[in-house]
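Let's read a model together, one feature at a time. Where would you like to begin?

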Amino acid sequence: MRSLSDLTRRDGIALAGFLLLCLAVSGVGGAITATSVDTWYPALNKPWFNPPDWIFAPVWTLLYIMMAVAGWRVWRTPASPGRRNALLLFLVQLTLNLSWSLLFFGYQQIGMALVEIVTLLAAIAANTLVFWRLDRLAGALFVPYVAWVTYAALLNLSLWILN
């Protein structure tokens, strides 16, 4: 991996592109979430470990930024089939991430969202491993994402059971 002093204009544009992509997914997911977060979601029975609503936006924003930086770092590694596959997996997990918001908040399908989040978690874990092999910091940047989505999956399961 090149040092920060070796960053080129192309690197900066690519980082901006990764940030734009991840924050766009965040924005679309947030817009979907907003359709239910003040109406349907508050009416659900929640488990004791449900966090306060205000925590979700800052945590997800930070996670999306970390995802973007991780994807960008892998993009900067030498071209290879492994890099291509890692970046494709990155797009898959990002798509699954957005799909969960659509299923849970958009369609209010807690059970379907549960199945989807388990798939998402597997994709994130796989993405973490392939990123780690190409760039350890990129893999490490995904660890909080794995932890948060594991927590979100347990929350989703609890909401499904309670409702």
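Q: How much space lies in the largest pocket, and how is a pocket defined here?

A: On a 1 Å grid over the protein atoms alone, a pocket is an open set of points where a 1.4 Å probe fits, with protein on both sides within 12 Å along at least five of seven lines. Grid points are joined across faces, edges and corners, and a volume is the space filled by probe spheres set on the points. In this structure, the largest pocket holds about 570 Å³ of space.

Q: Before we go on, what kind of model is this?

A: This is a predicted model, in which local features need pLDDT of at least 70 and side-chain atom pairs count only at pLDDT 80 or more, while totals for chains, interfaces and linings use all residues. Residues are numbered from 1 along each chain as its sequence is written, and side-chain values use heavy atoms, with hydrogens and water left out.

Q: Which residues lie nearest the centre of the largest pocket, and which elements give two or more residues to its lining?

A: Lining residues are those with an atom within 4 Å of a pocket point. There are 27 of them here, and Thr33, Phe56, Trp60, Trp100 and Phe105 lie nearest the centre. Two or more lining residues come from each of helix 1 (9-34), helix 2 (56-75), helix 3 (81-106), helix 4 (110-134) and helix 5. Helices are DSSP runs of H or I with at least four residues, numbered from the N terminus. Helix 5 gives the largest share of the lining, 7 residues.

Q: How does the lining of the largest pocket divide into nonpolar, polar and charged residues?

A: Ala, Val, Leu, Ile, Met, Phe, Trp, Tyr, Cys and Pro count as nonpolar, Asp, Glu, Lys and Arg as charged, and the others, Gly among them, as polar. By that scheme the lining has 18 nonpolar, 8 polar and 1 charged residues.

Q: Is threonine 33 buried or exposed?

A: Buried means under 20% relative accessible area, exposed over 50%, and partly exposed in between (1.4 Å probe, protein chains only). Threonine 33 has 19% relative accessibility, so it counts as buried. This residue of helix 1 touches Ser101 and Phe105, not counting residues up to four places away in sequence. Contact means heavy atoms within 4.5 Å.

Q: Which residues of helix 4 are buried, and what do they pack against?

A: The buried residues are Ile110, Ala113, Leu114, Glu116, Ile117, Leu120, Ala123, Ile124, Asn127, Thr128 and Phe131. They pack against helix 2, helix 3 and helix 5. Take two of these residues. Asparagine 127 has a relative accessible area of 0% and, leaving aside neighbours within four places in sequence, is in contact with Ala86, Leu89, Phe90, Gln93 and Phe142. Alanine 113 is also at 0% relative accessibility; with the neighbours within four places left aside, alanine 113 is in contact with Trp100, Leu103, Phe104 and Asn156.

Q: What span should helix 5 have, and how far apart are its end C-alpha atoms?

A: The expected span of a helix is 1.5 Å times one less than its number of residues. The 27 residues of helix 5 (residues 136-162) should therefore span 39 Å, and the end C-alpha atoms are 39 Å apart, which agrees. Helix 3, with 26 residues, reaches 36 Å, close to the expected 38 Å. Helix 4, with 25 residues, reaches 35 Å, close to the expected 36 Å.

Q: What caps the N-terminal end of helix 5?

A: Aspartate 135 does, with a side-chain oxygen 3.2 Å from the backbone nitrogen of leucine 137. A polar contact is a pair of N or O atoms within 3.5 Å; within protein, one must be able to donate a hydrogen and the other to accept it, and residues adjacent in sequence count only if both atoms are side-chain atoms. Another case is threonine 61 in helix 2, whose side chain reaches the backbone oxygen of alanine 57 at 2.8 Å. Threonine 61 is partly exposed, with a relative accessible area of 35%.

Q: What is the phi of glutamine 108, and where is this residue found?

A: Most residues other than glycine have a negative phi. Glutamine 108 has a positive phi of about 55° although it is not a glycine. It is found in the loop between helix 3 and helix 4, just after helix 3. At a relative accessible area of 33%, glutamine 108 is partly exposed.
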